[in-house]
Every structure is written in C-alpha cells, then in structure tokens.
Amino acid sequence: MVSLYDGGVYLVNGSTLIPEGEPAKVEAMTGKAADKETAKKGTIAYSILEAHNTGADMEHLKLRFDAMASHDITFVGIVQTAKASGMEKFPIPYVLTNCHNTLCAVGGTINEDDHMFGLSAAKKYGGIYVPPHIAVIHQYMREMMAGCGKMILGSDSHTRYGALGTMAVGEGGGELVKQLLCDTYDVAYPGVVAIYLDGKPNPGVGPQDIALAIIGAVFKNGYVKNKVMEFVGPGIASMDTDFRNGVDVMTTETTCLTSIWKTDEDTRTYLAMHGRGDDYKELNPADVAYYEGCVYVDLSTIKPMIALPFHPSNTYEIDELNANLSDILREVEKEGEKISGGKAGFTLTDKIKDGKLLVQQGIIAGCAGGNYTNVIQAANALRGKNCGCDEFSLAVYPSSQPVFADLVKKGAVSDLMAAGAIIRTAFCGPCFGAGDTPCNNGLSIRHTTRNFPNREGSKPGNGQMAAVALMDARSIAATAANGGILTSAEGMECFGKVPAYEFDRTSYDHRVYFGFEKGDNKAELIYGPNIKDWPEMSPLADNILLKVCSRIMDAVTTTDELIPSGETSSYRSNPLGLAEFTLSRRDPEYVSRTKEVDKLEKARVAGKDPLSLNPELEDVFAQIRTIPGNESVKVMDTEIGSMVYAVKPGDGSAREQAASCQRVIGGLANICKEFATKRYRSNVMNWGMLPFQMEGDPEFQVGDYIYIPGIRKVLDGDLKNIKAYVLGSQIKELTLFITDMTPEEREIVKAGCLINYNRNRAKA
C-alpha cells in the first residue's frame, strides 16, 4: 500500500507521523508546542543544504558541491563550454566515465575520440577518468565518491546517491560548468517530502517493485515535483544498502529534485567495505521534523510490479495485468498508435498466447538493475533452469567490474550463462536505446531506468517500433525461467540469503586515471574530427520576433522527443551535427523551419537587412508598427528566432542538448503551460532561451509570428503579465509570464548564453 497525506506532517522521534492539523499530539509526545518553522530545519535535507549553502539566507540557496560526474555523451560539451569560459583546472573532484558510447560502434572513430578527449582533459585539468566497460557512472560514484552529508552534481538525470547519505542532483551541463568556474548552483529552498517506509519487502519483491509503486502514486499528480524525497521510517532497516540504492536511483522518475535517506550501521558497513569508512556519519531527522507531505509505503504490501509502455508511471501489479491482459494492453496499443503517427505498427494483444503474455526480450542492466544483489537474485531464480530456444532472450550487464568480478567468484555468472543468459560488461546503452534493441513489434522487459518511446532503439519514422516495460530483475528472471511468459517472482522459493558482497578495487587501480589535483595546464587536449566548438550566439536584442516552428499538444514532451537518444548520442560533441536531429522523431519538419529563421538572424547580426532575405517580413514589421508604442521599431533592433510550444516539456533526461540543439539552429524561446522539470528549464536559460509560460491553449499555429517588445526591460521586472502579440490577419494580444529567475539567470539570457555571460564577466 502506498498512500499520500493531504497536507504536511510532523515526524516525531523518527518514527511517529502526526498530521500538521493535530499539533496537540506533537506537544503531548514532546512536552513542547509544535513549531513548524523550527521543525522544517529538523529534516536531514536542511542540514546538508545548510552546510553547502554559500548564500546569505536559506530561502535562496547558492550551493557548492563536493564532487561531480559526467559520462561520455556529456563531458565533452561541458569541458568545451568551461574552457571557452576561462576554466584553468577542475576545482573539485570531477569523474569522467565512459559508459554511454562504450561500444564505439557508431560513426567510425568518433566515440573513441570522445574518450581520448576525456582522458586528455583529466590530465590537463586534474580529473578522474574511468575507461569504457569499467563501470556505469552511478555505480562508480556509489563505490568511490558518495558519502554521508555530501552533495554531488552530475550531468545525468539519474544522479542519485541518497541511500548513501549523499544529496545528489542531476542537471544539464551548464550547471556543472558553473561549478567548474567556482560559481554556485542557485535554487530556491525546495520543499521536503517524507517517504515513510514501514514493514519489510516480501521474498521475490525487489527494489524496482518498490520504486515503481511509489512512482505510480506520485508522478501524475506532481506530489514530489522539484522537491526533496527524504526516506525515513523503520522499513529502511529491512533492506540492505545495495537494495536501497536500487530504489533510490528511480526517484528521478518522480520528477523530484533529489533524495536523501536516514543512515544506519548497514550504510557504515557499505562504505567501510569500499574503503571509505571515514565517509560515514549517522544522518537522522531531528526529534521533531516537519515535511510538506508524506508518502506512506507499507513494504509488506508491495507486490511484483510492471510499468507498461510508455512511461515508468504506467504501473500495474503483474498479477493485475495478467488477470486483465486484453483490456490493459489495448490501451497501450492506442498510445502506441499516437506515438508512431501511423508510421509503424505496434501491437501487444497479439502476444497473448493461451491467455498469457509472451515477451521477446529481458534485460537486467545499468545503475538500477546491474547491482550485485539484483544479479545474484536473478541467478538464484535461474539456477538449473533455462531461457528456452525460442524468441525470448536475456542479457545481463553487471554495473561495474568489481561487481562483475565478485559475481564470477560467487558462481552467479556461470549459473546465468548455463541458463542461456548473455553476460555483458558495464554499459548504459539499454537504458537509452543504444544496446540490445529488440525485434520490430517486440516487447522487452527491463530492469533499467526508463521506458519512454524509442528508448529501446526503435525508429517509428522508418517503420520500426518496439517498446519496453520496466520490471524487477527477480520477475525478469522468473519470466526467463518460464520461457518468456510474463511471470511474477512472487511465490518462487529461491530468494534466500544473498552471499555477502566482497568489493575489490583492483580493476579500478589498474585502469582508472586518478588525476585530481594533478593537472598539467600545459598538456594538450586531444580532438577528433567530430569534436567541434560551440558556435557563436548573439546577445538578446531589445525586441524579439518569434516564429512558431513547432506546436506540440501532447500532455508531456520528453527530452527524448526534443532530441532523440540512441545513435544520435555519437554526435553530441558536434553541436551543429547533433542539432540536425532536433525533434526528428516528433516533428521532422522542425529543423528545416528553424534553420530558415536562423538565416534571418545571422543576417541581422552581420549587419544585413533580414527583409532582403524574406519579403514576408515587410508585412510583419508593418503590422508591428501599428501596435501602440512600436511605431518606430527598427528591424535591426529586433532579434529574430524560432520558438517551440509544448504543453509540458522536459520530462526525463538532464541532457542539455535538448535545449542547446534548439539554440544553435535559431531557437530563442520555449512557450509552455509548465516545465516538466527544473533541469530542462535551467538548460533553456543557460543556453540563452526565454522560458515563457502561458495560461490556456495556444491560439497561434506553426508559421505564425509572435512579437514581444522591450524584452530586456521585461527581464529587469517582475516577469508577470508580459505582453506579446500574435501577428496574422489581425493582431491578437497574448499574455505570457516567466516564473522566478535568479539575477544571474536573467543576465545569462540577456548575454545570449552561459558562455557569453562568462566571457563578459572576464572582460569586466
């Protein structure tokens, strides 16, 4: 059972929940009157944020992190941006892992070129470099960097180490650049929600089951959006730290800002085993702590779960799904039709055989599924059994070389291989569509992080479509043991004692480059032909003219739709090359539209009249001059850019390219009802685009122009009731607004992007 409190709660003595409307109970237990403001400071989150805040108050945080992490489809752009901004060294430990373009299988030499660039950057600036196949980013950070009371920033949305007492945040590259320049991560003090765990998981129930139950309860209503999830309660003690890590990493899919857990002796044991016993300290809420809300989870009631396509919140108990296969699967098929746009067929009901669902593939991988405990339990379920010789296949990716090595020692790898599973090295590919793509019209069950459309590698535009359902490793193994028939792990009697994990860091000592504080500024960066500098971006003009180049009315638009994952990741070191894929799986005409707009702006910046390139602008500016106060507006004082409208953009990945790709080919603004995540909105601003919002549905269409006068002055104001004008057969007034921006964010947008802002500061 997962239930949500309607309002805030007090947690007394770390165990008793009292609704805020019953303060007398707090006084009865403590002998003191309930004081909400004091109790807000009693959370674990408050103490860690306070310790990392360099600002003057706790309402407007200016945070410095203890360490950072990036992988090989983000670190090149981050280093290039920081270098262009004047960085001379990495001021804090910065881990560069190579776990996304690991296979070096697409684009000739360009994947390995990125890796060599990363190694050269670690040598030049003093970084830590983890070569391909050695560890996925988050497992390495758990094993080697996380510690109680720390904060870590990562350029990957699943940067979550809360179960180790670390508040970790996944953000776009621009926020990591700020840390490299010794600037701060600026954010309003977030709300903190208690995740109260009670009871004990049943045998066969794994961390993914618990995570999916929570995600299903909180995602759609935004209960924890941009807040801190603080895990408390007696149920924590029923899970070891490896198990907790598996729950924690999935908190990203709730759209929370970060997570933190109370720590205990098992946390100490985990850190000590990894040679970092000094990084342990006990973290507990104060005797009275106040939370804005509470998610109550009775672990003993959680059953094996499945998140059907096309989102981790589309959750069902496996038993519930199996009892209602036809009805539930038809609904998923309808969603698949919308996603494919008629370009690819996708069916699930045809996979019902004799009343049971036959899946085509199973994957256990990455920072969520490849943990030691998950793989051991999968091996327990498959020992002496087999996956069969038909269409179903199973692949297992241990999350790091130390985990892999101990699984070999424990015999788990041989058990899995004997059952027909394929064992691979540490790789994040199955999480984002670059590894083990299933067959066309196939259904893959995966213990990974996401099941958004096309993250399994299919291409609906080319008539190829498959889909992913998320499940726990235990039920995936049960399904494999049943020849691919969807099967719950509940009832299997193989989930007994897990042999203690023995960490051996030898593989790290022999392959990882440990260069922190050893940088050689005279060393040269190694560039491959696909590694390009960021193109120049112009500062914001006095007035802006936006051309609507895409209008997306879906309830949510993911970062995967804004810039596809998968093979496109090979081009993320080439800003203009990658930009050719922007919105390619959602609005294939977008790129050509925005590039035409970009030609006009480039002409203006070069001093050439844009009207000479596009005669329709004569009528547009004639209309603008009929707007009171704009009679003498000048074309050369008006920046021309493209705009994307989406109802709720930015769910999913932290990748900054979802914004930068729009920017480098002419993007100047987003307009939406709300942004799905803080990290995407931050990316929009760091790349010099305006994060507009509006009430109601848009009355403008693709091809329309929207004029906004005095935009620089607008950014100096309260950002409310921004007057805009939709131009057409008649002028329609449009009211926009922008939610709070820090002074620095306002100046970044005025400068045109973070790089320009930093260059301007260096000149000042």
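Colleagues, in helix H9 the buried residues are Thr241, Asp242, Phe243, Arg244, Asn245, Gly246, Val247 and Asp248. Please bear in mind that this is a predicted model. Helix H9 spans residues 241-248, and because eight of its eight residues are buried, the helix is largely enclosed by the rest of the structure. The N-terminal end of H9 is capped by Asp240, which places a side-chain oxygen 3.3 Å from the backbone nitrogen of Asp242.

I turn next to Gly369. This glycine belongs to helix H13, which covers residues 366-369. Its relative accessibility is 0%, so Gly369 counts as buried. What is Gly369 in contact with, once its neighbours within four places in sequence are left aside? The residues in contact with Gly369 are Ile364, Asn374, Val375 and His447. Between Gly369 and Asp587 there are 33 Å in space, C-alpha to C-alpha, and a separation of 218 residues in sequence.

Finally, the cysteines. How many disulfides does the structure hold? The number is zero. A disulfide requires two cysteine sulfur atoms within 2.5 Å. For Cys256, the closest cysteine sulfur is in Cys367, and because the two sulfurs are 14 Å apart, they are too far from each other for a bond. Cys431 is likewise in no disulfide, and its nearest cysteine sulfur, again that of Cys367, is 5.7 Å away. Are Cys256 and Cys431 buried or exposed? Cys256 has a relative accessible area of 2% and is buried; Cys431, with a relative accessible area of 8%, is buried as well.

Methods
Residues numbered from 1 in each chain as written. Predicted model: local features only at pLDDT ≥ 70, side-chain atom pairs only at ≥ 80, totals over all residues. Heavy atoms only, no water. Buried < 20%, exposed > 50% of the residue type's maximum accessible area, 1.4 Å probe, protein only. Helix = DSSP H or I, 4+ residues; strand = E, 2+ residues; numbered from the N terminus. Contact = heavy atoms within 4.5 Å. Polar contact = N/O pair within 3.5 Å; in protein donor to acceptor, adjacent residues only side chain to side chain.
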